[in-house]
Amino acid sequence: MLVEVKDLTKRFGKLTAVNDIHFSIPAGEAFGLLGPNGAGKTTTVSMMCGLVAPSSGDVVIDGHSILHDPMAVHRSIGVVPQDIALYPTLSARENLTFFARMQDVPPSMLTSRVDAVLDIVQLADRQKDHIETYSGGMKRRINIAVGLLNQPRLLILDEPTVGVDPQSRNSILETLKELNRQGMTLLYTSHYMEEVEFLCTHIAIIDHGRVIADGTQRDLRLQAGNKDIISVQLVREADGAVRDRLAALPGVDTVELRDKTIRIATDQGRSLLAGIISALDDAGCPVSTIDVKEPNLEDLFLNLTGTSLRD
Amino acid sequence: MKFWHIAVKDLKVRVRDKSAFVVLLIIPMVMIIVLGTVLNWAGSSFTANVTLVDLDHGDMARHLTQDVFASPQLADLLVVTTVPSEAEARTLVEQGKTGAAVIIPAGFSSGVTAGTKVSIIVLGNPDTPTQAGVIRNIVESFTAEVQRRQLAASIAIRALQQSGAVPPQRMQEAVQGVVAEVSTSQQTGTVSVATTTQEGVKVPRALDYYAVGMALLYLIFTANTGTEGMLEEQRQHTLSRVLTTPTSRAQVLLGKLVGIFVIAALQFTMIIVLTRLLYRVNWGASVPAVIVMAAASVLAGAGLSTLVTALARTPEQASSVGPAVALIYSLLGGTMWPVYNMPAWMNSMSRLTFTRWSVEGFTSLMVNGGGVSSILRPVGVCLAMAAVFLFISLMVLNRNYR
Ligand SMILES: Nc1ncnc2c1ncn2[C@@H]1O[C@H](COP(=O)(O)OP(=O)(O)O)[C@@H](O)[C@H]1O
Ligand SMILES: [Mg+2]
């Protein structure tokens, strides 16, 4: 395992911001930490990179404990903080060069590394401009670029798309997906379900400082017992024979019939649509509308906590 | 070496901030020129106000009032006024209108001639101990001289009596002759007066002193902007970011310190050069000594600012504590008014500030013209204070990681 978070707890006075969290990330994975605002994501990440001392527990990254050898951990990680952490009156290039020096990038590689990350975030043409003249999205991209300078084994990103326009967000997510494809391990926190679903193979859902669900996307859906729901509106009322016919289709779990509405629960979603429509046709029940709702992490969160992910 | 990159980055940020640049380098320059003109630095110097009361009207009193207090050697140092009564003099001292009153009691001269115990009263104004000290010194030198001569006269007279060379009926005449001789010999002006305080430290010219005070005042101010710079890094989240890289807190602290040091050193040099060129401020004979004293002071100032930053829990705290500390240092540290004019309690308290030691170092260079070896003590104290400031800062910074 590249990352092992062991029984991590952080108390601020009476508030337990992070409560006995544990998870591990194998090398090469894109790991998502999904949770609403105030769930404890930033506190967890801050403990992982040595900015906040844990009340108890430990984090081991690349074989080094953050408690016992923080400098070794710092060499293995790149960090993209939730807040833009750049010098506004320095140019992008000056910022990158400074942070590259702080990250122990060898002097002979300074120029090439700075060029490389500027290319990755596609801001090479604006490198000489002061950060204060950048748009929010551009600042976010440089903020990410700083985390890439030392070619880290683990890139930790704390809500890196907050306040970014949709286009920049897509470009950021695509970039991260590509970096992950090339072998970089990611730890990505967000309160946007879509981002985590898009980027991450493995997800931990966190709420009030606790991990309430943890697994692959598929695992999580099954864990909540959620099925795809196919809702069919018929032109006129159907009878029990129609329901039995649908229930007999392979892949269908349950069928509910109420007046002109049929609700079919299944694990196979859209692939069943054609079969369902032809079965209803055969039964002489013309379809008015049909709709597939795939369960998502939002539903899972709702199921687990009774509240919505967004505030 | 990372600390150096941090310092260079800080300087770059500082130079780009035009308003900071103006505040740090242009304003001190303008202030020196304005203050220099207003205070007429090029001419003014230390003077003591003395009020004389002659209730004796004898020869001895005249020696003191005319040959000593009105002597040409003391004309630059003293402003002399004469009042007829002791009560009037006491009132002037109480109202703080004079540095000291010197009261020569009735019968002083005849007492001296008769060899009886007489004394001159010096009433010092406690608010201006230096002036009082200078005046007391003058009177003491005078009375010491009188005593010496009184002794010489009585020995001579006893010798005359014992030798029998003078018949008893002519003794009276002979004694008067000796006393007259001793008195006239005083007019040769052997009564010497040094410009000294009670502690015996020589005092620099006011102009020179204020140049030192100004340089140190700006040093404190500049050090405080170092605190602001650190807070700025916290607000920008860049400090946290640096701390997620393989960079220790000690390196960050050192980098910040070097950054402040360079700016403060630049400013200090500018003030020294400018006051030297424009107002002929005498910074002493030894350039290395001035550099060493300035470097030690600047280091202590930079250390102090790091400490304030480290101690403050929040940026708000730091931005209110910073100026408060700067104010205490300015008031107590001898930069606003001279240490030699402070009441005794304040004078002792001021020893807790590095600026006080720095003032001592610089003024000693000005007055005595010594080299580096003559200021080892103030330099040592400044460096020790810098070390303590930094040590505590580092402890606090590491403790803050919780
Ligand atoms: N330094 C701190 N002092 C006190 N409380 C804090 C501190 N940092 C975070 N918290 C609290 O801890 C909880 C978790 O915060 P955070 O980790 O920032 O959540 P998230 O990043 O998931 O939005 C919040 O209730 C927050 O107010
Ligand atoms: Mg957060």
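Two strands pair if DSSP finds at least two bridges between them. Strands here are DSSP E runs of at least two residues and helices are H or I runs of at least four, numbered from the N terminus.

Before you start clicking, note that this is a predicted model, where local features need pLDDT of at least 70, side-chain atom pairs count only at pLDDT 80 or more, and totals for chains, interfaces and linings use all residues. Residues are numbered from 1 along each chain as its sequence is written, chains are lettered from A and ligands numbered from 1 in the order in which they are written, and side-chain values use heavy atoms, leaving out hydrogens and water.

**Stop one: chain B**

Select residues 100-104, strand 3 of chain B; 5 of its 5 residues are buried (under 20% relative accessible area, 1.4 Å probe, protein chains only). Ala100(B), Val102(B) and Ile104(B) lie on one side, with Ala101(B) and Ile103(B) on the other.

Look for Thr51(B) opposite Ala101(B).

**Stop two: chain A**

Select helix 5 (residues 136-148) and helix 6 (residues 166-181) of chain A, which pack at an angle of about 15° with axes 10 Å apart. That makes the two helices roughly parallel (angles under 35 degrees). Show side chains: Gly137(A), Arg140(A), Arg141(A), Ile144(A) and Leu148(A) in helix 5 meet Ser168(A), Ile172(A) and Leu179(A) in helix 6 (heavy atoms within 4.5 Å).

Terms used. Buried means under 20% relative accessible area, exposed over 50%, partly exposed in between (1.4 Å probe, protein chains only). Axes are lines fitted to C-alpha atoms, for helices over the stretch in contact, and angles run from 0 to 180 degrees between N-to-C directions. Angles under 35 degrees count as roughly parallel, over 145 as roughly antiparallel, 65 to 115 as roughly perpendicular and the rest as oblique.
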